[in-house]
Amino acid sequence: MLELYKKRKLLDNILPAYDDPLFSILIIVLLILIVAVSSYIMGSFKEERKDKSLKRFLNRFNTKECLLEIEEMPFDPTLTKPLSLLAFAFKNQGEYQKAISLNLYLIENISDFHKKKEILEQLGQTYLKAGFLKRAESIFLQILHKQVRNKEALYHLGIVYELLHEYDKALETLQPLKILGEKTENLKAHLELNRLLTDKKLNSSQKVEELKQLLVDDRYEYRRIMKALFQLNLSSAWENIQPSKIHSILDILWFLPTSNLNFDIISADETLSAIFLAKGVLPLDQNSIVKSDIFAIDTIISAKKGGNQKVDLNFTYGCNKCKQHFPIAFTRCPQCYAIDAIQIKETVAKKRKQTGYSLL
Ligand SMILES: [Zn+2]
C-alpha cells in the first residue's frame, strides 16, 4: 500500500494532472499530431526516393548515340510544349532515336510529376513503336508504380505483353482497366484467341474444337478463327464458312492451293462459286449468271467472259480506325494498335506470273 502511494505521489510530481480527463484528451491529440507529422515525413521521404529511383532508372536508357545536341542546352520551362510536340512528330515520322533523346531530356529537366508523366507515356509509346519492348515495359511499369490508375500506361503495357507473347500478363492488365470503366470484352477475346492459337499444350484437334466453339461468339474475330482452321483442319474450315462473312476471308480463300478446295461446298454457294470462277479454278460457262456481290470478283468474271483472261486480284489491308493501309494483313493495327479493325481491300490487277503462294 505504501509502495503504491509512493508511486502515485511520484506521478503527481511529474504529471500533476494525469488523472484529469482533459489531460487524457490532450495526450490523444498529441499522439494524433505525432502520427500525422511522422507519416508526412515518411511520405515526403518516399516521394524523394521514388524520384531518385526514377532518375537512376532513366539513366540506364541514356545512350551516347544521341543525334540531337540537346544535352548541354539550358532548360527553360517554356520549351516543354514545343519540345514534346517535336518529339511526337519525330515518333510519327519513325525517327525514334531523336524522339527518345528529346523525351529523356525533358524528363530529366521537369520536376513536376504530372507533366513528367505525359512525357514518360510518350517515351514508353516511342519505345513500343521502335520495338524496344522490354524498355517500354519498364517505362509503363514505372508510371504505374507511381500512378496505379493510369489507363494509358495499363493499355500500352497490355500491348507490350501481347507483342512479347506473354498473354497471361496482358490479360492481367484488363482487370484494372475494367475497374476504371473501360470496355475490355473485345480485348479479352482478342488476347484469349492469341493464347489459344499459341498454346503448345493443346494438340491440333483440341484447338480445332475450341476454335469451333468460339465461332458462335462475335467477340472472337471470324477471320482469325477461319485462318487457323484452314491451317489446322480443312474440312472443319470449309464446314464453318459463313456466307455473310466471306468477304472478310476473301484473300485467304483466293490464295488457297487448289488441292485444299472443297468443290462440294463451293458449288453449293453462289459467292464461293463466283470467287473460284474468277480465280480460274472452276470452268466458266459463258451463259451462266454468277454474282458474288463483291465488285472486284464480278468485274473479273465479266472480263473473262469478254475474253480477257489476264486479270487477277491484288490485296491491301486497311485499318477502319486510323484509315492507314498496309500491304500485309494484321491482327492489331501496326499504326494505332486497334483490334478487330482490319478491312480487306481487293482490286483488280493485271495477272502476273503465277506465284502459287498461300497466306497460310
Ligand atoms: Zn489503325
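Before I start, a word on conventions: residues are numbered from 1 along each chain, following the sequence as written. Since the model is predicted, local features are taken only at pLDDT of at least 70 and side-chain atom pairs only at pLDDT 80 or more, while totals for chains, interfaces and linings use all residues.

Let me begin with the chain as a whole. Its secondary structure comes to 17 helices and 3 strands, where helices (H or I, at least four residues) and strands (E, at least two) are DSSP runs numbered from the N terminus. Of the 360 residues, 24% count as buried; a residue is called buried if 20 or more other C-beta atoms lie within 10 Å of its own, exposed if 12 or fewer, and partly exposed in between, with the C-beta atoms placed from the backbone. If we take contacts between residues at least 6 apart in sequence, 48% of them join residues at least 24 apart, a contact being two C-beta atoms, again placed from the backbone, that lie within 7 Å.

Now to the sheet. In what order do the strands of the open sheet lie? The order is β2-β1-β3, with antiparallel pairing, and two strands are said to pair if DSSP finds at least two bridges between them. The edge strands, each pairing on one side only, are β2 at 325-326 and β3 at 342-350. Strand β1, residues 311-319, is joined to β2 by 2 bridges, whereas β1 and β3 pair over 9 bridges, also in the antiparallel sense.

If you look at individual positions, Gly318 stands opposite His325 in β2, and in β3 the bridge partner of Gly318 is Gln343. Tyr317, for its part, has Phe326 as its bridge partner in β2.

Gln343 itself sits in strand β3, and it counts as partly exposed because it has 13 C-beta neighbours inside 10 Å. Leaving aside neighbours within four places in sequence, Gln343 is in contact with Gly318 and Asn320.

Most residues other than glycine have a negative phi. Is Lys323 buried or exposed? Lys323 counts as exposed, because 11 C-beta neighbours lie inside 10 Å.

One helix belongs with this part of the model: α17, residues 295-305, lies across β1 and β3 and runs at about 15° to β3. Here axes are lines fitted to C-alpha atoms, for helices over the stretch in contact, and angles run from 0 to 180 degrees between N-to-C directions.

Let me turn to helix packing around α7. The axes of α6 (residues 133-146) and α7 (residues 151-163) come within 9 Å and cross at roughly 150°, which makes α6 roughly antiparallel to α7, on a scale where angles under 35 degrees are roughly parallel, over 145 roughly antiparallel, 65 to 115 roughly perpendicular and the rest oblique. Residues making this contact include Phe140 and Leu144 of α6 and Leu157 and Val160 of α7. By class, the contact has 11 nonpolar, 1 polar and 1 charged residues, with Ala, Val, Leu, Ile, Met, Phe, Trp, Tyr, Cys and Pro counted as nonpolar, Asp, Glu, Lys and Arg as charged, and the others, Gly among them, as polar.

The axes of α5 (residues 113-130) and α7 come within 11 Å and cross at roughly 15°, and the two helices are therefore roughly parallel to each other. Among the residues making this contact are Gly124 and Leu128 of α5, together with Ala153 and His156 of α7. These residues divide into 4 nonpolar, 3 polar and 2 charged.

Finally, beyond α7, His165 is found in the loop between α7 and α8 (167-172). His165 has a positive phi of about 60° although it is not a glycine, and it counts as exposed because it has 11 C-beta neighbours inside 10 Å.
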